[in-house]
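Take a look at the chains below.

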Amino acid sequence: MFALPALRYDKMNKGTFKGGVHPYEGKELSMDKPTVKLLPGKELVYPMSQHIGAPSKPIVAVGDHVLMGQKIAEASGFVSVPISASVSGTVKDIKPTLTVSGSIVDAIYIENDEQYTPVEGLGEKRDYTKLSKQEIRDIVKEAGIVGMGGAGFPTFIKLTPKDENAIDYIIVNGSECEPYLTSDYRMMLEEGDKLVDGVRIILRLFDKAQGVIAIEDNKPKAIEHISELVKNEERIRVQVVRTKYPEGSERQLIKAVTGRKINSSMLPADAGCIVNNVDTVISIHMAVAESTPLMRRVVTVSGDAIVNPQNFNVKTGTKYSEVLEAAGGFKVKPEKLISGGTMMGMGLFDVNIPVTKTSSALLAFIKDPMLLVPEGPCIRCGRCVEACPENLIPQMMMEAAERFDDASFEAISGMECMECGSCTFVCPAGRKLTQSLKQTRRSILDNRKKK
Amino acid sequence: MKDLYNVSASPHVRSGVTTRSIMRDVAIALIPASAFGVYQFGFKAFLVLLTSIASACLCEFLWKRFVVKKSTPYECSALVTGLLLGMNLPASVPLWIPIVGSAFAILVVKEMFGGLGQNFMNPALGARCFLLICFAGRMTAFAVEQSGSHFMNGAASIDGLSSATPLAVIKNLEAGQSISANVSLADMFFGFTGGVIGETSTLAILLGAVYLLAKKIISLRIPVAYIATFAVFVYIFGGHAFESDGFCYLACELCGGGLMLGAWFMATDYVTSPITKGGQIVFGILLGLLTGIIRVCGNSAEGVSYAIIFCNLLVPFIEKFTMPRAFGVVKKKKGGAAK
């Protein structure tokens, strides 16, 4: 058409998907403030279930002295990972504890001796080009790395597909489509070199793959910065994707980057893709190149009730209440506290809950917007249909859910729902579609297990 | 227990659009057409609209007060139903007609079937068709008295208006008579013709439609499928295709009658149109065919109202056959289990 100036990334070709919504982003609250490193208080709590799969098994006993970076729990099955201590100190207790999801699981309590004595070899530089593929996978497994976008799926399993030659895309999910969250954005700006190095490490496992760092177009600085870092990389490029929720959902991101579509019963590897979150890839770099297991987490503290919204580099096991204090606490007592983003995060009723590998944010809101609109009858406006990124009919699914008609629910592909929350977000009648679909999906899954 | 917060399942945010804001926007979009109706037909038209809205709102209030007995949020939907019904009545009707119509629309078509969201056909059109059947004479008396207090202004512009609508004029033309000589296309577009209060001005209706599209209240799927199908149908089967004024005939058919009001405001009614995207296109095409058949083959020059309420009844079937395939799900193999 007409000559465009040479670009390091393709500005015109923005990947996207059908459907989706545009909630208020609220990222400006915290996006321009540097991440602050936060040292924990006296007591740290390590729940044994910080990932999808079997809970880890403690390998320390009450009274033991542990060092920073020391493994305190081991994997208890195939889909399971170890957990490392993020401080040095004494094991005080191992007891059932409340976690973010509301479930009660065993947790190791460690009293911080504030010496931060590292375990032997922690932080040692390692030349990963000399490591075999299996060695890299083992390091990732031992480091306890899980998907840090929220789901917490063990990363070493993702990196071990059935056929590694079938993988042609390693996608780094830098879209961060959840409102208010800026931790991945800050990481891309502050630790971009580690991110790119993490991609290089993953690419060593997959000879035929190219690395794609996907970033939403509302983060021009990150796009610019990462593009600069990868300009000499033959196998890594930046892909700009359209700002839209849920662009960061695995299936939607794969569609945006590659044009391939997978359904709920397929794995990204079926489409030749492996998708990892920004923080996960940085953790892979830390583990493989710097001999550091996963024991920190960048958490966004934001929302209109927070005095000083910003990002914190937190040691896992630190309590939310300490992170909250570091952000200046509440302006006024909020109505709602959320762990994670506003679209898929979990409501908290208490701040005495530990930060885990999958905690991405702590948000506090003065008003709970879900209480502002009373629930009215469905007017069949079709907004949920327009919004659904999975091309479903949430309205009919909810009708089926309300009559406990599991057969109809499944017949209209209800199980393809990923509970992204778009339908509830757009519903003008204030109906709680996602919530109802979530419940029905759970009960159907439970019934399948019983059979 | 001092630190307890609200806990609910995600998501924790909502968009600002509510049922009430949608109804308000639809009412705003109807203002140009109804204002033009009042300008053209005078104070009598205003009274008809007002009576229709007031009685619709009153019926809904009474039903909720004495039958539902639960306080429900007020959605302004009765206001839109009342306004649409009023716009579908000739200005010359006695005022008990809009009252009977509103009562039928709200009580029989809407509330008896479960209220907002549950009605099986468009309440305003259901009531209009009920009135057409019961009081055919009064409902088709488009003749406008040119004396008396009914006219505030604008009387001059409708001088020479016959009791028949332009579409009736075209339908009853004798062979050889030219269309363009008997109706003025410009008058039809701007609305200086006979008809019900809200349907005459294509321009005013399109203004409202643009507002609805801009506000994303409606999509183009139903109206465009409807109007395009109808245009093709009447052009081919209308019998004027090979005459010199074939396009004039087509334009008259598009501007005349309730087509524009029906396509943009009635067929797009959320409750009574398919929720699937494919279904909306099928719905529009069926409407176009049916309206064309009624106008070309039927006795009446009109057909929009009947076409819409008839297609309303087909909505569950249309939805059943136009269920979209979920993201990433491949077509089922023959005999394969649903997965």
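This is a predicted model: local features need pLDDT of at least 70, side-chain atom pairs count only at pLDDT 80 or more; totals for chains, interfaces and linings use all residues.

Take B:Val67 as an example. This residue sits in helix α2 of chain B, which spans residues 43–68. Its relative accessible area is 48%, so B:Val67 is partly exposed. The exposed class starts only over 50%.

## The nonpolar cores

The largest nonpolar core has 81 residues. Which of them touch the most other members? They are B:Trp264, B:Phe265 and B:Leu287. Helix α1 of chain B, residues 19–41, is the top contributor to this core, with ten residues.

Leaving out residues up to four places away in sequence, B:Phe265 has these contacts: B:Ala29, B:Leu30, B:Leu84, B:Ile205, B:Gly208, B:Ala209, B:Leu212 and B:Met260. There is also a second, separate core. It holds 49 residues, among them A:Val146, A:Val172, A:Val196 and A:Ile213.

## A buried asparagine

B:Asn312 belongs to helix α15 of chain B, residues 304–321. Is B:Asn312 buried or exposed? Its relative accessibility is 3%, so it counts as buried. The cut-off for buried is under 20%.

The side chain of B:Asn312 reaches two backbone atoms. One is the nitrogen of B:Asn122, at 3.0 Å. The other is the oxygen of B:Thr272, at 2.9 Å.

Key:
Residues are numbered from 1 along each chain as its sequence is written. Chains are lettered from A and ligands numbered from 1 in the order in which they are written. Side-chain values use heavy atoms; hydrogens and water are left out. A nonpolar core is a set of buried Ala, Val, Leu, Ile, Met, Phe, Trp, Tyr and Cys residues joined through side-chain atoms within 4.5 Å. Buried means under 20% relative accessible area, exposed over 50%, partly exposed in between (1.4 Å probe, protein chains only). Helices (H or I, at least four residues) and strands (E, at least two) are DSSP runs, numbered from the N terminus. Contact means heavy atoms within 4.5 Å. A polar contact is a pair of N or O atoms within 3.5 Å; within protein, one must be able to donate a hydrogen and the other to accept it, and residues adjacent in sequence count only if both atoms are side-chain atoms.
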